[in-house]
Amino acid sequence: MSSGADGETSSLGAARTLAEHLARRIRALGPLTVETYMTEVLTNPRHGYYVTQQPFGQNGDFITAPEVSQMFGELIGAWMADTWTRMGRPSGVHMVEIGPGRGVLMRDLLRAASTVQGFRDAATVHLVDVSPALQLVQRRALAESGWNIRWHTSFADVPSRGPLLMIANELFDALPIRQFVRTRAGWCERLIDVAPRGAQSEDGPGDALRFVLTRGPSPASALIPASVRETAPLESVAEVSPASISLATAIGARVAVEGGGALIIDYGNTEFGARDTLQAVLRHQSHPVLDAPGTADICAHVDFAMVAQAAHAAGARVWGPRTQGEFLRTIGIAERATVLSRVATPEQRDEITAALNRLVGSHAMGGLFKVVALTHRDLDDVAGFQ
Ligand SMILES: C[S@@+](CC[C@H](N)C(=O)[O-])C[C@H]1O[C@@H](n2cnc3c(N)ncnc32)[C@H](O)[C@@H]1O
């Protein structure tokens, strides 16, 4: 997704910060779409957030479900092994995680999956991540897993033949979106420009960014679902993620043709709608989206309706969305917590209970996060969606 950024960096000269690089790029080539801005902020090869920062955990910017508790990855591993059994225990399976972060989910997943007889011999593991820095962290985390693991920078590089078992947790929210605003003239696209010199603070870096709109309606607004495009009130902001649509299409086509099952877990909306969900997060706090790009995480809510529609159109069977809490309860997280608690100290028991509440609580991750499964059409049942 960051293709071209290197070339632009070199043709515009090396910039000290991403803000400086983006300002030079805008002055030379014109305002950026939100999609290009997000891509640069997250994955610019020199200054991108996932290239330069250590975002995970209490001392980072956010905590993901596998970082909350080992139970999360273990249950995903159990789900994969169960889906494999329902598929008739085929060989030559590709077990894939896209966006594996620090490799914690995959470590717990592989430990659980290893206990299922025959599964290890049937599967090879593929980790897909755009960040060379995080790939290195994942290699260290999984060095002693004993599984045959291969790394890729794109899902397209995963071998194309053979059934797929896939997980993407908190990946789709990092895939770039385009934003459109309904004006009296029609749907204009939201762009990012350099603020005029007079409008910049005197002690600022001199490269402040601001949102602007295309001069007239944008033909790209045809991407907005018709139900939203035709009915949203003036000033509404609509979002579309072409990268999410194309990845959901690729995953859907893959399970439809080669068989398998894929889980997509993220926070987001289950119905089409017009909302501005672009946000930045720094040290667990909300951060202005255009300030100090590359130093804070930037993401948007996942449009599960669009993801489901794309995968369905590609031939997959779509299960859900349902909440993460419902999904994890149905596949046995409470039972797993009980087993872990039996051999835990009192402090560890409290931690297990707190983690369980966080992962399944309806006012916590359990309610905010949604789960969708994509499978081959012939799979007439899949765990977690009964
Ligand atoms: C928020 S982290 C989620 C990490 C992990 N799944 C977890 O639950 O802890 C997002 C991950 O996706 C990776 N990533 C971001 N954009 C990507 C893309 N287009 N393709 C593959 N990986 C990507 C990041 O480098 C990072 O590892």
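I take helices (H or I, at least four residues) as DSSP runs, numbered from the N terminus. The model is a predicted one, in which local features need pLDDT of at least 70, side-chain atom pairs count only at pLDDT 80 or more, and totals for chains, interfaces and linings use all residues. Residues are numbered from 1 along each chain as its sequence is written, and side-chain values use heavy atoms, with hydrogens and water left out.

**Entry 1: H6 and H14.** I then examined helix H6 (residues 70-86) and helix H14 (residues 333-342), whose axes (lines fitted to C-alpha atoms over the stretch in contact, with angles from 0 to 180 degrees between N-to-C directions) come within 10 Å and cross at roughly 125°. H6 is therefore oblique to H14; angles under 35 degrees count as roughly parallel, over 145 as roughly antiparallel, 65 to 115 as roughly perpendicular and the rest as oblique. In contact (heavy atoms within 4.5 Å), Gln70, Met71, Glu74 and Leu75 of H6 meet Ile333, Arg336, Ala337 and Leu340 of H14.

**Entry 2: H6 and H7.** I noted that H6 packs with helix H7 (residues 104-113) at about 50°, the axes being 7 Å apart. This makes H6 oblique to H7.

Methods: Helix = DSSP H or I, 4+ residues; strand = E, 2+ residues; numbered from the N terminus.
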